[in-house]
Amino acid sequence: MKKLFCTLFTLVFFLGMAFAQHFDQFFENKNLRVNYLHIGNLTQEALKIDHFTAGGTWNGTRQFLIEPDMYGDIVVELFDSVSNKLLYSRSYSCLFTEYRTTERGETEVTSMEESVNVPFPKNTVKLKFTAYDRKRLGTVLSESYFNPNTTPTEPLVKNYSTMNLHIGNTPDKAIDILFIPDGYAKSDAKLLKKDMKRFASYVMNCSPYKEMKNKVNIRAIKGYSEDSGITQPQNDIYKKTLVNTAYNALDLDRYLMCLGVWNLYDVADDAPFDAIVIICNSEKYGGGGIYNFYCTVYNHGEYPDYVIVHEMGHLIGGLADEYYTSEVSVQDFYPSDVEPVEPNLTTLVDFDSKWKNMLDENTPIPTPVTGKGTPEYDQLGVYEGGGYVAKGVYRPAQHCTMHQIRYNDFCPVCKKTLEEVIDYYAR
Ligand SMILES: [Zn+2]
């Protein structure tokens, strides 16, 4: 298994090198943002491109233009319009996919804003969006052409200054994490500054970020909201804020999400970013994180250090929740006959593709809980329960930041995944 991994890695590495040479051939050092609507319900799904935005500099990887890990529900691909050669791909998830699994999503049609950044092509490209279900079956949602000379684009406009909180390297040699403060009025200026520094220190004091500090950048947008606080529709509290984050997303009280994604990207575009973290000025517990999309955290309470690194686990690592008692109303989220795409869960359908090569030879599969489940006896294994269900889904350890409220305690599998992602952005 290890040998296969090395061979695959070498192949991906050399493919990456080959594409690195091609970046300048096919792309300008500029962003192209595709802003679209994701429309539908459980039985129907459509994607409608609304407008393009262009400008700034390309801060994503130039070495791996074809993404190695396809953990997301959506894959965007750019093909050369003449040769049909794949030039760029990126995978990410979205709130729409979660909506479809709710009771309301079975019948009611919704329309959600989404945005994705790709490098600006020098010549006409075919732009293809494919949605993947839990069984990894793909459905093409949209195919269109973008001509850099004739397709209309809106310019990126800079509105905000940026605070540097931790700079490990240049944007192309690091993962660029961008904090966006929401619900901080001008009168909260001191709190905003203090909170941005506090949350940056939570990230930088947590493994593996602290060991990889030269490959991590954290900045914050210095943007104020008209009102102080965050919208809570279930309590009839409505606030005008910078990116309009609100509780009760998908009718879940503590699910804090941003429905104005186009505006969110307009604000974020003022700084280099690979990952957007919205820091919400609110006393009410809440948060949320979606792979390669954005995550949210609230700024008060007992466990903000844990909440930010947990949500960033979803956002940058594509990590699943390892807990299995929850109010989360997802039905059959992990079908038992399909290996989950997330790196830290298995249904044992294809465990070879997961952390099997990290296990001690004598580890029983599944692994019984030892030492009354206390942290000091924890060891890497295959423990039943995870991904919101108690049976049929297995997790790597008894304890993990993706499982319990435990800060700076990612299990070896989650930690390794995060290390690989940080390295991906830093190459
Ligand atoms: Zn874990």
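Leu 250 sits in the loop between strand 12 (245–246) and strand 13 (257–258). Helices here are DSSP runs of H or I, at least four residues, strands are runs of E, at least two, and both are numbered from the N terminus. Leu 250 is not a glycine, yet its phi is positive, about 50 degrees. Asp 251 lies in the loop between strand 12 and strand 13. Its phi is near 60 degrees, again a positive value in a residue other than glycine.

Buried or exposed? Here is the scale. Buried means 20 or more other C-beta atoms within 10 Å of the residue's own, exposed means 12 or fewer, and partly exposed is in between; C-beta atoms are placed from the backbone. Leu 250 has 19 C-beta neighbours inside 10 Å, so it counts as partly exposed. Asp 251 has 13 other C-beta atoms within 10 Å, so it is partly exposed.

A word on the model. It is predicted: local features need pLDDT of at least 70, side-chain atom pairs count only at pLDDT 80 or more, and totals for chains, interfaces and linings use all residues. Residues are numbered from 1 along each chain as its sequence is written. pLDDT is the predictor's confidence in each residue, from 0 to 100. The chain's mean is 90, and 92% of its residues reach 70 or more. Residues 1–19 stay under 50. Where pLDDT is low, the predicted coordinates should not be read in detail.

Now the whole chain. We have 6 helices and 18 strands. The C-alpha trace spans about 65 × 55 × 50 Å along its principal axes. Of the 427 residues, 44% are buried.

Next, helix packing. Helix 3 (residues 189–204) and helix 5 (residues 304–317) have axes that come within 9 Å and cross at roughly 65 degrees. Those axes are lines fitted to C-alpha atoms over the stretch in contact, with angles from 0 to 180 degrees between N-to-C directions. Which residues meet? From helix 3, Phe 199, Tyr 202 and Val 203; from helix 5, Pro 304, Asp 305, Ile 308, Val 309 and Met 312. Contact means C-beta atoms, placed from the backbone, within 7 Å. The residues of this contact divide into 7 nonpolar, no polar and 1 charged. Nonpolar covers Ala, Val, Leu, Ile, Met, Phe, Trp, Tyr, Cys and Pro; charged is Asp, Glu, Lys and Arg; the others, Gly among them, are polar.

Last, cis peptides. Ser 207 to Pro 208 is cis, omega near 5 degrees. Pro 208 is in the loop between helix 3 and strand 11 (216–222). Ile 365 and Pro 366 are also joined by a cis bond, omega about -5 degrees.

Note on methods
Contact = placed C-beta atoms within 7 Å.
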